Amino acid sequence: MDVYSTLTPIKIDPGQDHSYFYHIRPLFDVPALMADSGLRQGKCLIVSDQSVGTLYGRQLENVLASKGWDPKRIDLPAGEPSKSYACLHDIYDTALSWGIDRRTPVIALGGGVVGDLAGFAAATLLRGLPLVQLPTTLIAQVDSALGGKTGINHEAGKNLIGSFHQPAFVCADLDSLTTLPQREWTSGLAEVVKHALIADTTFLDFLELNWPSILLRNPAVIGQMVHKAAAIKAAVVSEDVKEAGIRAILNFGHTFGHAIERIAGYGHFTHGEAVAVGMRMALRLSKHLHPALDIERCDAIVKQIPLYHSLTHLSVNDLIESMYADKKTLAGSLRFILLDRVGHAYVEINADTAQVRTAIDDIIHVLDHS
Ligand code: NAD
């Protein structure tokens, strides 16, 4: 049976903002989804990166042009450094010199970097253009393309400049995942595992049972996995659009993970790898506070996510300093997302620095000897 036909659209309902659908469909269906979303035919600006643009850009342009659209594409360098003001400016220049109007959709074709960057361009150009998210990495399909967070990085930290801008729809093409490099695939699995650990033990059972097929990207299993992981994210962001409460649980592993990314140098570890290590640290911290937590079960799946570099050069002091520097930048308290039981996360604001240090130390030590 066609995998796509079994995967129903997921509704995201952000309350005050418009609701929209997350579809798992081939790129070929994008023009029909654009029509269904009420987008007016005419110019559309495709933002991609040089890898994804080369693989899928022409195909998307052709399918749009064949249905009466006038697409223009900009391909930016691939990778995290493109979430920058310089690349944002390139998009502004291209869009404004081409002559867009307030109904011209911006179409983000790529991973989380393209989605965040193009999303922020769409949020700010002419005070807001319609946005279409076409995620092509696993991270983007299960996480970053849903929920409307957009933005770029600043020297002071990741994602510090941005806004919420909900897309008109999201369309995840499972076939695009076949060209994803293995390292990006396993990095994306970190966010999938995260969703199971914070919210759904049945999904964790599914991942444990199907892990070998998942690593081999078996299409039927992948379809179900992407659908379930996206549904968890959709439910959380529908409940709390602007992260006033429950949405923060999606940051499980991220307080540690962002510090790892920053101290190692952006791009050294992928975002997913940093989050995977961060989750292992957060699990250690959770165990200190909740001794009954089945940390062995959680750790067993997280440690399946391979790391392509050693952590030994990272100093615990630098990581701690980086986390507290972030706190200073944001003028808030240092929050950790922890588990009090498998499948249930919460925000902890009273974590003891000594215990944080022990959690980091333990994981660096374990990885050093594995
Ligand atoms: P990415 O966009 O850099 O993509 C990773 C690499 O895969 C790139 O080199 C890209 O060119 C390549 N690639 C993408 N799709 C491909 C395909 N189908 N075939 C072959 N190669 C392909 O990174 P990512 O991991 O997708 O996303 C990480 C970013 O997402 C980070 O900046 C992170 O902060 C952000 N993020 C945002 C949210 C949010 O809610 N907005 C959530 C999670 C992560």
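1. Axes are lines fitted to C-alpha atoms, for helices over the stretch in contact, and angles run from 0 to 180 degrees between N-to-C directions. Helices (H or I, at least four residues) are DSSP runs, numbered from the N terminus.

2. This is a predicted model, in which local features need pLDDT of at least 70 and side-chain atom pairs count only at pLDDT 80 or more, while totals for chains, interfaces and linings use all residues. Residues are numbered from 1 along each chain as its sequence is written, and side-chain values use heavy atoms, with hydrogens and water left out.

3. Helix H3 (residues 85-98) packs against helix H4 (residues 112-124) at about 50°, and their axes are 10 Å apart. H3 is therefore oblique to H4; angles under 35 degrees count as roughly parallel, over 145 as roughly antiparallel, 65 to 115 as roughly perpendicular and the rest as oblique. The contact (heavy atoms within 4.5 Å) is made by Cys87, Leu88, Ile91 and Tyr92 of H3 and by Leu117, Ala118, Phe120, Ala121 and Thr124 of H4.

4. The axes of helix H10 (residues 271-289) and helix H13 (residues 353-368) come within 9 Å and cross at roughly 130°. These two helices, H10 and H13, are therefore also oblique to each other. Residues in their contact include Val277 and Arg280 of H10 and Gln355 and Val356 of H13.

5. Around the ligand there are 27 residues (a heavy atom within 4 Å), of which Glu80, Gly112, Thr136, Thr137 and Thr179 come nearest. A ligand oxygen atom is 2.9 Å from an N or O atom in the side chain of Lys83. A ligand nitrogen atom lies 2.9 Å from an N or O atom in the side chain of Asp116.

Methods. A polar contact is a pair of N or O atoms within 3.5 Å; within protein, one must be able to donate a hydrogen and the other to accept it, and residues adjacent in sequence count only if both atoms are side-chain atoms.
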